[in-house]
Number of protein chains: 2
Amino acid sequence: MTRLDDRTQTPAKNRSGDALPGASAEAPRLDVETLGRVLLGRWSEARLASRALTRDPALHFVDGLSLDEHRARVTGQLHHLLEHDAVLRAFPTRLGGHDDHGGNIAAFEELVTADPSLQIKAGVQWGLFGSAVLHLGTQTHHDAFLPGIMSLDVPGAFAMTETGHGSDVASIGTTATYDPETEEFVIHTPFRAAWKDYLGNAAKDGLAATVFAQLITNGVSHGVHCFYVPIRDKNGFLPGVGGEDDGRKGGLNGIDNGRLHFDHVRIPRTNLLNRYGDVAPDGSYTSPIPSPGRRFFTMLGTLVQGRVSLDGAAVVASKLALTIAVRYGSERRQFTASDPEREEVLLDYQRHQRRLLPRLATTYAMGFAHERLLTAFDGVFSGEHATDDDRQDLETLAAALKPLSTWNALDILQEAREACGGAGFLAENRLTQLRADLDVYATFEGDNTVLLQLVAKRLLGDYSKRFRGVDARTRAGLVAGQVGQTGVDRSGLRQLAQTVTDLGSTGRSVGHVRDAESQRQLLTGRVETMVADVALRLRAAAHLSASDAARLFDANQDEVIEAARAHAELLQWEAFTDALGRIDDHGTRSVLTWLRDLFGLGLIEKHLAWYLIHGRLSTKRAVSVTDYIDDRLLPRLRPHALDLVEAFGFAPEQVRAPIATGAERARQDEAFAYVRAQHESGAAPRPEKAPHR
Amino acid sequence: MTRLDDRTQTPAKNRSGDALPGASAEAPRLDVETLGRVLLGRWSEARLASRALTRDPALHFVDGLSLDEHRARVTGQLHHLLEHDAVLRAFPTRLGGHDDHGGNIAAFEELVTADPSLQIKAGVQWGLFGSAVLHLGTQTHHDAFLPGIMSLDVPGAFAMTETGHGSDVASIGTTATYDPETEEFVIHTPFRAAWKDYLGNAAKDGLAATVFAQLITNGVSHGVHCFYVPIRDKNGFLPGVGGEDDGRKGGLNGIDNGRLHFDHVRIPRTNLLNRYGDVAPDGSYTSPIPSPGRRFFTMLGTLVQGRVSLDGAAVVASKLALTIAVRYGSERRQFTASDPEREEVLLDYQRHQRRLLPRLATTYAMGFAHERLLTAFDGVFSGEHATDDDRQDLETLAAALKPLSTWNALDILQEAREACGGAGFLAENRLTQLRADLDVYATFEGDNTVLLQLVAKRLLGDYSKRFRGVDARTRAGLVAGQVGQTGVDRSGLRQLAQTVTDLGSTGRSVGHVRDAESQRQLLTGRVETMVADVALRLRAAAHLSASDAARLFDANQDEVIEAARAHAELLQWEAFTDALGRIDDHGTRSVLTWLRDLFGLGLIEKHLAWYLIHGRLSTKRAVSVTDYIDDRLLPRLRPHALDLVEAFGFAPEQVRAPIATGAERARQDEAFAYVRAQHESGAAPRPEKAPHR
C-alpha cells in the first residue's frame with residue numbers, strides 16, 4: 001500500500017554530520033488496512049455506519065448559502081439522519097433507542113466531515129436537549145417528552161448559558177420560583193445579563209427548552225435545576241417568552257443560535273426535571289443528594305457527553321485536515337533543490353515535514369486518548385463502571401482531553417491550510433470553513449482554560465489527600481525531587497505505580513531520551529513536580545483570608561494551568577503507547593512506534609527549558625532531542641506519511657477537497673512532460689546566460 | 001485618562017513569596033494623547049485622513065452579503081475612495097498623484113478597519129496593477145495606461161501567480177514570444193499549471209492585466225518580464241483569453257479573484273513594460289542590467305510595497321483586536337475570587353493578563369518596527385536613500401517583518417476571540433471575520449516560510465562576506481562564542497557596533513535579565529550564534545555536488561528559518577527600544593519601558609531552552625525571567641491596559657464591536673444592582689446551606 005514514488009532521499013549529511021537515512025530497502029511496511037481497523041476502535045460499526053451516511057451529498061455543507069438557507073438545509077438534514085436511524089443510539093430501548101452510549105458518540109463524531117453545523121445541531125437536539133430530559137428527568141418526563149424530542153416533532157433548546165454566565169453555571173441569574181397556590185414554577189429573567197444566550201434552536205426552530213434556573217421554594221434557593229419549558233407554538237413565542245436571534249457567527253451558521261428571556265412564565269410543578277431534586281405540592285424540597293455542591297456537580301456531570309463528543313470531533317477534523325495537506329504536500333512541487341531537472345515535492349523539505357509530521361503524531365495520540373475517554377464514558381453511562389470515582393475520573397479525563405484536542409484541531413487545520421498555500425485558502429478545499437466552524441469548540445461546552453483549571457484542582461486535591469498526615473519536612477523532601485510513585489497516582493486517571501517502578505527515578509537526569517521508558521519518566525516526572533511545586537506554594541492559602549487565598553491562587557494560575565496541560569499530554573502519550581500493544585503487524589508497529597516517539601520527543605522538546613531548569617536533562621541530551629527528531633524520526637516517517645493518512649480511511653466523499661484528489665499531480669506531470677518534450681524536440685528557447693552554445 | 005475603577009489588587013504573596021505589587025499611589029501616569037501621537041508616527045496626516053474616511057458606514061463590511069453583493073459593494077467602495085482622493089498618493093504629481101510613497105502605504109494600512117476586502121482590492125488596483133505599470137513601465141506606459149488605472153476606468157489584474165507557481169515566480173510557465181514579422185508579443189499558456197491564478201479583478205471586473213511571462217525572442221529566453229495585456233471589453237473576454245472564477249475563499253470575499261489563460265494572444269511590442277528590459281523591432285533584446293538574476297530581483301524588488309503594506313495592515317488589525325479584547329476583559333466578570341460580593345473582572349486574572357498583555361507588547365513592537373520599515377520604504381521609493389544596498393536592506397527588512405507580523409496578527413485575533421469567549425465568536429464582534437480575512441496574509445505576497453528563508457540567506461551571505469579571508473581556526477574561535485560585533489553587522493539592517501560595545505560579551509552568561517542592555521545582548525547573541533552555527537554546518541556545501549548541497553541545506557532548513565525569525569524578533573525589539581527615546585513624558589515612558597521589557601523577556605522566555613543549552617543564562621536566571629514577568633511586569637501593566645489600547649486611537653466607527661462599547665459593563669452593573677437591592681430589601685431567597693438563619 002505504500003506510495004513511495006515521490007521519495008527522493010539519498011545519502012547526504014545532516015546536522016549531526018551523519019549520513020541522512022533515506023528509507024532503506026529494509027524499511028518497515030505499514031499495513032494500512034490493519035492500522036485502519038485499529039483506528040476505528042471499539043465502536044467501529046457505529047463509525048462505519050455514520051461514514052456510510054456522510055457519503056451522501058444531501059448531508060454535505062454547501063458553500064455560499066445565506067444564513068436562512070443554511071439553517072433550513074441543516075434542519076432538513078436532521079430529519080435525514082433520523083430517517084436513517086443515525087441519532088437515537090443513546091436513548092432507551094423501550095422508546096426506540098439502543099441504550100448504546102459509546103456507539104452514539106462515535107457515530108456523532110464522524111458527522112463532522114459532512115458539516116460541523118449538522119453535527120452540532122444534532123448534538124443540541126438529541127445530545128443536549130434530549131439528554132437533559134433523559135438524565136435529569138425521571139420516567140414521567142421520559143414518557144412525556146422523549147418521544148417528541150427523538151422524533152424531532154419537538155425541536156428544543158438547551159437553555160443553560162446566559163449572556164452573563166457561560167462556564168460559571170452555578171451563578172446563572174434565571175429563577176424558577178415555586179408557587180404552591182397554583183402548583184407551578186414561575187420562570188423569570190430578572191435582568192439582561194440573565195437572558196439565556198447562544199442556544200441552538202432558540203432563534204427559530206425550538207418549541208421547547210430545558211431551562212436551567214435557580215430553584216426557589218419557601219424562600220430558599222436550592223441552586224441550579226433544570227425545567228422543561230414550552231417556548232413556541234406555530235404562531236411564535238408563547239406568552240411571557242421572548243428572544244433574539246444571535247445572528248451570524250464565526251462559523252456553525254447552519255444552527256439558529258438565539259437568546260431567550262422569560263417574564264414570569266408559569267409551568268406545572270411536574271416540569272421540574274426531578275431526578276436529583278424535587279419539590280412537593282406544598283413547596284417542600286427534597287433531594288437524594290444532601291450537599292448542594294455535590295448535587296450541582298452531579299447534575300452537570302450527566303452532561304459530560306458534550307465534552308466527550310467535541311474531543312472526538314476534533315480528532316476526526318484533524319485527520320481530515322492532515323489527509324488533505326499530506327496528499328497535497330506529496331504532489332505539489334516548488335523550487336528546485338536536490339534534482340535540477342524537476343522541482344522538489346513539498347513534503348521532501350525538512351520544514352514541511354516539521355510542519356505536518358509532528359501534527360500527524362499528535363492526531364494519532366489524540367485519537368488513542370479519545371478512545372480511552374469514550375470507553376470511560378460508555379462505562380459510566382452504561383452503568384458498568386459507574387461508581388462516584390468512575391464518574392469523577394470521567395469528568396476529569398474529559399476536562400483534560402477536550403481542551404488539548406480542540407486547540408490542537410485549530411492548530412492543525414491552520415497549519416494544513418498554510419501548508420497548502422493559497423490553495424488551502426480556497427473554500428473548495430474546505431480547510432478554512434472547518435477551522436471557522438471548529439473555532440468555538442475551544443470555548444463552548446466548558447471554556448478550555450476553565451476546564452484545565454478544573455483538572456488542576458483535581459490534581460491538587462489528590463496530591464493533598466495523598467500527603468495528609470505527612471509532616472512538612474518529609475513532604476518537602478519528597479517534593480524536592482523524590483516524588484516518584486507517591487505523587488499523583490490517585491488521580492484515578494492512571495496508575496503511576498504500574499509505570500514507574502523505580503521510585504524517585506523521575507527526579508534524576510535521564511540518560512537517554514529515545515526509548516519509551518525515558519519518555520515516560522520525563523513526562524511523568526514533569527507532571528508530578530509541577531503539581532508538587534504548585535501545591536507547596538498554595539499551602540499558605542490555608543492560613544489566609546478567602547480573598548488573599550484567592551489572590552495567591554491567582555498569582556499561580558498560569559502554572560496551575562500548565563500543570564493540567566502537562567497531565568493531559570501525558571495521558572495522550574500513555575494512550576498512544578498502550579495502543580502500540582494492540583498492533584500485531586510488525587512493520588506497522590515499527591512505524592507507529594516512531595510516530596509515538598515523535599509525539600513524545602516533541603512534547604519534551606516543547607518543554608525543554610523546564611527539563612533543563614529542573615536538571616532532568618543535561619544540555620547535551622537536550623540537544624539530542626531535536627537532533628533525533630530532525631535527523632532520524634522525520635526522515636524515517638516521511639515515506640510513510642501518505643499511508644498514515646490513508647489509514648484514517650476517509651472516502652472521497654468525506655474528503656471532497658479538489659487538491660487532495662490527485663489533480664495537482666496531474667498538473668505537475670503535464671507541465672513536466674511539456675518541458676521535457678520541448679527540450680527533446682529542440683523547440684525550447686535557450687537561456688540567456690548561454691545564448692550561443 | 002486612566003480608568004482604574006476595576007483595579008482590585010491589594011497586597012498578597014506571589015510565587016516568589018514577595019508581596020504582590022498593586023499599582024501604588026506613585027504609579028506612573030500614562031498620557032494617552034502623547035502616546036497616541038507617537039504611535040501615529042511620521043505619516044500621521046495620511047493615517048488620520050484615512051481614519052476619517054473609514055468612519056463612513058459606506059465603507060464598512062456588511063455581514064451576510066452574498067458573494068456577488070459583497071464584490072459589488074467593494075467595487076463601489078473603490079470609487080468612494082477615489083472620490084475622496086484617498087488612493088493616489090503614490091502616483092506621479094504630473095498625473096494627479098502626490099509622489100508620496102510612505103503616506104500612501106500608511107493611509108492604505110488604515111483601511112483594514114473598514115473591510116480587509118476593500119483594502120486588498122484597492123491594493124490590487126493601485127498597489128499592484130498600477131505599481132507594475134508605474135515601476136516596470138516607462139513614460140509612454142505611464143502616459144498611456146496610468147490615467148485609466150488611477151481613475152478606475154480600467155480595473156486590472158496583477159497576473160503574476162500561476163496555479164503551479166506562487167512564491168517561486170522565476171519558474172512561471174506563461175510565455176511571451178516575440179514575433180518580429182508583426183512586431184507583437186504572443187502571450188501563451190502552455191499547460192494548466194501555467195494558468196494565472198488567484199488574481200483580484202480577474203473573475204469579474206478586470207479589463208486589463210499586467211501579465212508576468214517568460215520573454216522569448218530570437219530563440220532565447222530572457223526570463224520573467226511584465227506585459228500590459230487587455231483581457232476584456234464590455235462583452236467579456238477578448239479573443240484568446242479565458243478564465244475561471246476562484247469562487248469563495250476563506251475570507252476576502254469582496255474581491256473577485258480568478259484565473260486567466262491565454263491562447264496565443266497578440267499584443268503590441270510596446271506593451272512590454274520595458275524599464276528593465278526591452279526588445280527592439282528586429283527582436284534584439286537589451287537591458288540596463290546585464291545579469292539575468294539581478295534583473296529579475298530588481299524587477300520583483302519594485303513590488304516590495306505589497307509586503308510593506310501587509311506588515312502595516314497586520315499591525316492595525318492587531319491593535320483593533322486588542323482594543324476589543326482588553327475593553328471586554330476590563331468589564332466582563334466571571335467567578336468570584338478575591339471579592340466574595342462581586343465576581344472578578346477577567347483582566348484581573350493572571351491567566352487573562354498572560355493571554356493579552358504580552359500580545360499587547362508584541363503589537364507595540366510590531367508597530368514600531370513597521371514604522372522603521374515604512375521609513376526605509378519611503379527612502380528608497382522617494383529616491384532619497386535608494387542605493388543598491390538600501391534596496392536590498394529594504395527587501396530583507398520587509399521579508400523579515402511581514403512573516404512575524406502577519407502570523408502574530410492571526411495569533412492575536414484568535415487569542416482575542418477566545419478571551420472574549422462565546423461573545424468573541426459572534427460575527428457582530430468582528431474578530432472571527434477579521435481573522436478569516438487576514439488568514440491569507442501569511443501566504444500571499446510571499447509565503448512567510450519562503451520569506452524567512454530569503455532573510456536567512458541574506459544573513460548567511462553577510463556572515464560569509466565578513467569572514468572572507470579569515471582562516472578556519474580564527475573563524476572557529478569566533479564562532480565558539482566570541483562573535484561579538486564582527487558577526488552580522490553588515491546585514492545593513494542594524495549596526496551591532498553601536499549596540500554591543502563589549503566585544504564577546506554576548507558569549508557569556510548574563511547576570512541580569514531585566515535591564516535593556518541584558519535583553520539586547522541576549523537577543524543579539526542568539527542571532528549571531530545561530531547564524532554562525534548554521535554557516536559552519538553549511539560550509540561543507542562548497543565541496544558537495546549541487547544536489548548534495550541542496551540536501552545539506554534542507555537538513556538544516558528548520559534552523560535556518562529559526563535564525564531568520566530570531567533576527568526579525570531582534571529588529572522588533574530594537575525598534576521598540578528606540579521608540580522609547582522618542583517619548584518625552586516620564587510616566588508614559590515608564591509604562592512603555594515595562595511593556596518593552598515584557599516583549600523582550602517574553603522572547604527570552606520563549607527561547608529559554610536555547611539560552612540554557614548555550615550557557616547564556618544560568619538556570620536560576622532562567623527561572624527569574626518567568627517570575628519577573630508574572631510577579632512584576634503583569635501586575636504593573638494591568639492598570640494601564642485600557643490606556644494602552646486607548647492610545648491606538650480608534651473611533652467607535654472603527655471598532656464597531658458591541659462588546660467593546662461598555663454594553664457589558666452596563667449589564668454587569670444592572671445585575672449587581674439587582675442582587676444588592678434584593679438583599680437590602682430582604683426579598684432575596686436564603687441559600688439552602690443556611691435555611692433557618
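Begin by selecting His70(A), which at 6% relative accessibility counts as buried, where buried means under 20% relative accessible area, exposed over 50% and partly exposed in between, with a 1.4 Å probe and protein chains only. This is a predicted model, in which local features need pLDDT of at least 70 and side-chain atom pairs count only at pLDDT 80 or more, while totals for chains, interfaces and linings use all residues. Residues are numbered from 1 along each chain as its sequence is written, chains are lettered from A and ligands numbered from 1 in the order in which they are written, and side-chain values use heavy atoms, with hydrogens and water left out.

**Around His70(A)**

His70(A) is found in helix α3 (residues 67-83) of chain A; helices (H or I, at least four residues) and strands (E, at least two) are DSSP runs, numbered from the N terminus. With residues up to four places away in sequence set aside, His70(A) touches Phe61(A), Leu65(A), Asp115(A), Ser117(A), Asn253(A) and Gly254(A), contact meaning heavy atoms within 4.5 Å.

**Chain A as a whole**

Now colour chain A by secondary structure, which shows 24 helices and 14 strands. Of the 693 residues of chain A, 63% count as buried, and residues 24 or more positions apart account for 74% of the contacts in chain A with a separation of 6 or more.

Beyond its neighbours within four places in sequence, Phe158(A) is in contact with Leu128(A), Phe129(A), Ala132(A), Leu199(A), Thr210(A), Phe212(A) and Leu303(A). For a distance across the fold, pick Asp197(A): it is 39 residues from Phe158(A) in sequence and 9.9 Å away in space, C-alpha to C-alpha.

**Helix α16**

Select residues 516-538 of chain A, which form helix α16. At 1.5 Å a residue, its 23 residues should span 33 Å, and its end C-alpha atoms are 33 Å apart, which agrees; the expected span is 1.5 Å times one less than the number of residues. Much of α16(A) is hidden from view on a surface, since 17 of its 23 residues are buried.

Over all chains the count comes to 90 salt bridges, each being a side-chain nitrogen of Lys or Arg within 4 Å of a carboxyl oxygen of Asp or Glu. An α-helix has 3.6 residues a turn, so residues three or four places apart point the same way. Glu33(A) counts as exposed at 57% relative accessibility, and Arg37(A) likewise at 51%.

Which residue forms a salt bridge with Arg327(A)? The partner is Glu646(A), the closest N and O atoms being 3.1 Å apart. Arg327(A) lies in helix α8 (residues 305-329) of chain A and Glu646(A) in helix α22 (residues 641-646) of chain A, so the pair ties together parts that are 319 residues apart in sequence. Arg327(A) is buried, with a relative accessible area of 16%, and Glu646(A) counts as buried at 19%.

Go on to Glu415(A) and Arg355(A), whose side chains meet in a salt bridge of 2.7 Å, N to O. Because Glu415(A) lies in helix α10 (residues 388-419) of chain A and Arg355(A) in helix α9 (residues 350-382) of chain A, this pair ties together parts that are 60 residues apart in sequence. Glu415(A) is buried at 15% relative accessibility, and Arg355(A) is buried at 8%.

**Where the two chains meet**

Finally, display both chains. The contact takes 107 residues from chain B and 107 residues from chain A, and the two chains bury about 8700 Å² between them, 54% of it on carbon and sulfur atoms; buried area is the accessible area (1.4 Å probe) that two parts lose on being put together, summed over both. In chain B, Arg351(B), Phe425(B) and Glu688(B) lose the most area to chain A, together 10% of what that side buries.

Between chain B and chain A the count is 12 salt bridges. The side chains of Arg351(B) and Glu562(A) meet in a salt bridge at 3.2 Å, N to O. To end, select Arg351(A), Arg354(A), Glu605(A), Asp630(A), Asp558(B), Glu562(B) and Arg565(B), which are linked in a network of salt bridges.
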